[in-house]
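Keep the picture in view as you read.

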Amino acid sequence: MTFEAYETVVEDSGHEARGRERQALSLGIDRLERLQRECFSIEDQVQSLLYVRRLWTIFIEDLAHPENGLPEQLRADIISIGLWVVKEADRLREERSNDVMQLVEINRLIRDAL
């Protein structure tokens, strides 16, 4: 395999990974928006918030990995955002907050930046 072919594979897999991340964030956004718009059961609320929490936990773990290719400061900034998302999802689940739209907006911003 030539170096150029290897670079193409790496670029494609990075592009595919960003696409999967966008798709996962879109699903989380849809679930959060449904909480804002519709009547829902406590189970739906908990499952939606746990989905967002698990997703961001995965992102944080990946960003914290030393082999992550993003610049260190960008990784630190996104980790900070992720920690806020996790805490806010917990606050909503524990009914210490009811502002789902902040979570929706942050997730949209991150998704759209990918």
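Contact here means heavy atoms within 4.5 Å. This is a predicted model, in which local features need pLDDT of at least 70 and side-chain atom pairs count only at pLDDT 80 or more, while totals for chains, interfaces and linings use all residues. Residues are numbered from 1 along each chain as its sequence is written, and side-chain values use heavy atoms, with hydrogens and water left out.

Start with Gln45, which sits in helix α2 (helices are DSSP runs of H or I with at least four residues, numbered from the N terminus). Apart from neighbours within four places in sequence, Gln45 is in contact with Leu35, Phe40 and Leu92. Gln45 counts as buried because its relative accessibility is 13% (buried means under 20% relative accessible area, with a 1.4 Å probe and protein chains only).

Now look along the whole of α2, residues 42–64. Its 23 residues reach 32 Å from first C-alpha to last, close to the 33 Å expected at 1.5 Å a residue (the expected span is 1.5 Å times one less than the number of residues). Other buried residues of α2 include Leu49, Val52, Trp56 and Phe59.

Next, how do α3 and α4 lie relative to each other, parallel or antiparallel? The axes of α3 (residues 72–93) and α4 (residues 100–113) come within 10 Å and cross at roughly 150° (axes are lines fitted to C-alpha atoms over the stretch in contact, and angles run from 0 to 180 degrees between N-to-C directions). The two helices are therefore roughly antiparallel, a term for angles over 145 degrees. Among the residues that meet are Trp84 and Leu92 in α3, and Leu103 and Ile106 in α4.

Key
Parallel < 35°, antiparallel > 145°, perpendicular 65-115°, else oblique. Buried < 20%, exposed > 50% of the residue type's maximum accessible area, 1.4 Å probe, protein only.
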